[in-house]
Amino acid sequence: MNSERKRLVVTGGGAAGFFCAVNAARLCPQLEVILLEKTGKLLSKVKVSGGGRCNVTHNAPDITYMAKRYPRGQHFVKKAFSRFFVPDTVAWFAERGVRLKAEEDGRMFPVTDNSQTIIDCLLKEADKYHVSIRTNTEVTGFTKTAQGHWELQLQAGTMLKADYLCIAAGGYAQAGKFAWLEACGHSIVPPAPSLFTFNMPGNPITSLMGVATTALVKVAGTKLQELGPVLITHWGMSGPAVLRLSAWGARELQQMQYTFTAIVNWLPDYNENTLRDYWQQARIDAGKQKIYNKNPFGLPQRLWQFLLQQVDIGEDIRWADLPAKDQNRLIKLLVSMEFPVKGKTTFKEEFVTCGGVTLSEIDPATMESRIVPGLYFAGEVMDVDGITGGFNFQHAWTSGFVAAAAIAYKAQS
């Protein structure tokens, strides 16, 4: 290591690691920055996010609103967001020729609708500020010397020295993977999957794969519930409502071993009593029409007919002739249909874990370890995770930038 030039090593070639590396190199040109990625792929989650469009951030009105979208780490991100927030992210990319747009649900994407735009921007920035990128390079451990330098053991058996170290290695599915961080004195909140879809093996609802509607989804026996778009898949259910539910319920659902009952209200504007009140008017309005053809609730037609089949209502039955027994069964099905869930499926490739380095051991104003000076964290390796919608990426940009600014300041002083 050049004694004249200080060195930062960032472990992890994802959004948080890249943002830390390029901003540290930009803010402190005399700092040597090396980015290590254990796989052969850089920015892999950026690539697949938002169906290949990259959900960069969320168009939140303020920090308080944004912070409430993190099942874990709300207090921590609130402090960090005061240093780098959504407008800063938008401006940062705009200054580099990448404009972002907000969609109706608040998600923000590059105007190109192509994640490669974000990847190219970050790679160009790394090249501009001479960040050294090393792929297929895994850190297996690190120690701090008496002189205050870092010595990183690499899987290849080699060693790399650094003045500053930022861990942006992402989340780990197994607690044992955090052992190298525990070795330096940090405590770890055990990991659990977040942002996953519900498996319903053998359930006839899967015959409706591709059908989407707005519904209220609850987990029986808990307070967990979410309202929003639900997508029926060939294995069960997905969509924003299910994904948000999986994030908020990550710990509880893990304890249940992902075996529980989901209760779906297909008509979230109604409960059983209010729907029963409305039903009489619906019968009068559509009395002579066949119930299969006349759906007064705006449900997708395939879903409506599926629900009728579940209570054995024939295709020729008119609204006026619907027997009371069948009517009651259908009403109950519409507002509280039960689905046995057994297992989970990763949401595309956007797998997120909760758990990680305990937040009380990290300073949110700098991302520096409160236990080991010169050690910084960024991204999912910390016990912070957001619901789907651009929240996890905003945490990545924020933590990466805050760490970079703190490291650059120290390196210059």
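1. Arg7 stands opposite Glu32 in S2, and strand S1 (residues 7-11) pairs with S2 in the parallel sense over 5 bridges; two strands are taken to pair if DSSP finds at least two bridges between them. Helices (H or I, at least four residues) and strands (E, at least two) are DSSP runs, numbered from the N terminus. Because 4 of the 5 residues of strand S2 (residues 32-36) are buried, the strand is largely enclosed by the rest of the structure; buried here means under 20% relative accessible area, exposed means over 50%, and partly exposed lies in between, with a 1.4 Å probe and protein chains only.

2. The model is a predicted one, in which local features need pLDDT of at least 70 and side-chain atom pairs count only at pLDDT 80 or more, while totals for chains, interfaces and linings use all residues. Residues are numbered from 1 along each chain as its sequence is written, and side-chain values use heavy atoms, with hydrogens and water left out.

3. Strand S5 (residues 107-110) has antiparallel pairings with S3, through 2 bridges, and with strand S4 (residues 100-102), through 3 bridges. S4 and S5 form a hairpin with 4 residues between them, and Gly106 in the turn has a positive phi of about 95 degrees.

4. Which residues touch the most other members of the largest nonpolar core? Of its 91 residues, these are Leu8, Ile118, Phe142, Leu152, Leu181 and Trp397, and helix H13 (residues 391-412) gives the most to this core, with 12 residues. Apart from it lies another core, of 48 residues, among them Leu224, Trp304, Ile331 and Val335. A nonpolar core is a set of buried Ala, Val, Leu, Ile, Met, Phe, Trp, Tyr and Cys residues joined through side-chain atoms within 4.5 Å.

5. Not counting residues up to four places away in sequence, Phe142 touches several residues, including Trp150, Leu152, Leu165, Trp180, Leu181 and Leu375, where contact means heavy atoms within 4.5 Å. Thr398 is placed in helix H13 and counts as buried because its relative accessibility is 1%. Leaving aside neighbours within four places in sequence, Thr398 is in contact with Ala80, Phe81 and Phe84.

6. Most residues other than glycine have a negative phi. Cys54, in the loop between helix H2 (44-52) and strand S3 (57-58), has a phi near 70 degrees, and Met367, in the loop between strand S19 (352-357) and strand S20 (375-377), has a phi near 65 degrees.

7. The C-alpha atoms fill a box of roughly 90 × 40 × 35 Å, taken along the principal axes. Among contacts between residues at least 6 apart in sequence, 72% join residues at least 24 apart.
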